[in-house]
Amino acid sequence: MSLDHLLSVSDFEQAAKKVLPRCVYGYVRGGTEDEQSLRANRLTFEDIGFLPRGLNIVDKRELSTELWGHKYSMPLGIAPTGLAGLVRHDCDLELARAAKQANVPFVISGSSSVPLEKLQLETTDNWYQAYFPGDRVRISRIIERLNAAKIQVLVVTIDTCVAANRENNARVDFTIPFRMTPRLLLDGILHPRWTLGVFLKTLYASGIPRFANLYEEIGPPITEEPAHGFRTGRDRLSWDDMIWLREQWKGRLVLKGIMHPHDASRAEKLGADGIIVSNHGGRQLDGTIAPLAALPAIIEAVSEAFPVMIDGGFRRGTDVLKAIAFGARLVFVGRATLYGAAVGGEAGVGRVLSILAAELDRDMALLGCAQLFEVTKALLRTRSVIAL
Ligand SMILES: Cc1cc2nc3c(=O)[nH]c(=O)nc-3n(C[C@H](O)[C@H](O)[C@H](O)COP(=O)(O)O)c2cc1C
């Protein structure tokens, strides 16, 4: 299928909506409760506008960015997304391959279903996102697994201490552990391409998908509760555990889900190598401000060299440039590349990344910048303020 007629991330979302069953599309698109956080993520981009500069020489533009000595082709990466295997057969592998091809980071989700030992062979530089249980003995065992798999960057998600209230999933019978219901069956029948190409293909190739990377061992099928439960005391995790973790983990350590400037500063002080400012794509606490709105105070709270990354609602090159202007080093996308995978697998993910790269390149020129470091706050204004 040609992907050339899909011109933007939003085109991919519309196309994904057609091929995915309602419950899977709802799982990917949705937020929590009244979806205030989800909406804020997009709306905040509209609150901020550019003041472009003209007649700057911009013929030699450079999108590449450096992080911990690694040069990526652009300031973009693929965020961890659990249960991606519902969107596409072996989706995690296709995301990883497309990221490697584009030379951008891909973060293996702790809730993914292709074993990380297989997945990390396909990634650029081995990022893994953990949902750690509240038990140091078990964390130590997970760390052993990560070391054996040569994971280099450990991303600890800190915004998921308890399960989110995803009413939209419950309304369409989408639960974890996954249970087949008549409504889901009908959803599948109405989406034969997905039923054949994802559901039955996966069952035939490898059986029911598993929680392969949540804990120290390959977990059970997604139709069963893991032996130790899903969250196993995650609500007991504290900053002391992160200080302890810093001593145990010798690789790069990133905390994901930081929204408060004090937490950003704490992360830096305990020796983390970076943070991801995130409200989990509006999928955890409802009613948060957007990560973009949280970013300026966080940049103020940490030292200049400390890598601050961000995700949440990024769909356009201009969105990415706004975060870069506020001082973000790298922007992650979650849903955008899942929509790419749903429509066209690895090629679809690649096309989404190349659309974003082309937008970034064009938008930088139109803004009057040839280098990312020239994209600064001086080029931004709050839209509602008219200076007289
Ligand atoms: C379907 C889906 C699954 C997700 N699973 C995880 C996960 O396993 N771990 C995690 O830290 N974040 C997870 N997230 C959040 C993303 O990492 C990221 O924060 C968010 O998607 C960014 O917002 P965006 O989708 O608007 O780009 C998930 C998001 C989606 C959409």
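A cavity, as I use the word, is a set of points on a 1 Å grid over the protein atoms alone where a 1.4 Å probe fits but cannot get out. A pocket is an open set with protein on both sides within 12 Å along at least five of seven lines, and lining residues have an atom within 4 Å of a point.

Before the entries, two notes on what I am looking at. This is a predicted model, where local features need pLDDT of at least 70, side-chain atom pairs count only at pLDDT 80 or more, and totals for chains, interfaces and linings use all residues. Residues are numbered from 1 along each chain as its sequence is written, and side-chain values use heavy atoms, with hydrogens and water left out.

**Entry: the cavity**

I searched the whole structure and found one cavity of 30 Å³ or more. Which residues line the largest cavity? I noted Phe 211, Leu 214, Tyr 215, Glu 217, Gly 219, Pro 220 and Pro 226. That lining divides into five nonpolar residues, one polar and one charged. My classes count Ala, Val, Leu, Ile, Met, Phe, Trp, Tyr, Cys and Pro as nonpolar, Asp, Glu, Lys and Arg as charged, and the others, Gly among them, as polar.

**Entry: the largest pocket**

Next I looked up the largest pocket, with a volume of about 890 Å³. I found 41 residues lining it, and Tyr 27, Tyr 131, Arg 166, His 280 and Arg 283 lie nearest its centre. The elements giving two or more residues to this lining are α2, α7 (167-171), β11 (330-333) and α14. Here helices (H or I, at least four residues) and strands (E, at least two) are DSSP runs, numbered from the N terminus. By class, I recorded 18 nonpolar, 15 polar and eight charged residues in the lining.

**Entry: the ligand**

Where does the ligand sit? I found the ligand in the largest pocket; to count as sitting there, more than half of its atoms must lie within 2 Å of the grid points. There are 24 residues around the ligand, and Pro 80, Ser 109, Tyr 131, Thr 157 and Asp 311 come nearest; a residue is near if one of its heavy atoms lies within 4 Å. The shell has seven nonpolar, 12 polar and five charged residues, and α2 (22-29) and α14 (335-367) each supply at least two residues of it.

I then checked oxygen atoms of the ligand. A polar side-chain atom of Asp 311 lies 2.7 Å from one, and a polar side-chain atom of Ser 278 lies 3.4 Å from one. For Arg 335, a backbone N or O atom lies 2.9 Å from an oxygen atom of the ligand.

**Entry: the second largest pocket**

I noted about 570 Å³ of space in the second largest pocket. It is lined by 24 residues, of which Ile 324, Gly 327, Ala 328, Arg 329 and Phe 373 lie nearest its centre. Both β2 (65-67) and α13 (317-326) supply at least two residues of that lining.

Most residues other than glycine have a negative phi, and most peptide bonds are trans. I found that the peptide bond from Ile 176 to Pro 177 is cis, with omega near 0°. Pro 177 is in the loop between α7 and α8 (182-189). Glu 33, not a glycine, has a positive phi of about 40°, and I located Glu 33 in the loop between α2 and α3 (36-47).

Terms used. Points joined across faces, edges and corners; volume = space filled by probe spheres on them. Polar contact = N/O pair within 3.5 Å; in protein donor to acceptor, adjacent residues only side chain to side chain.
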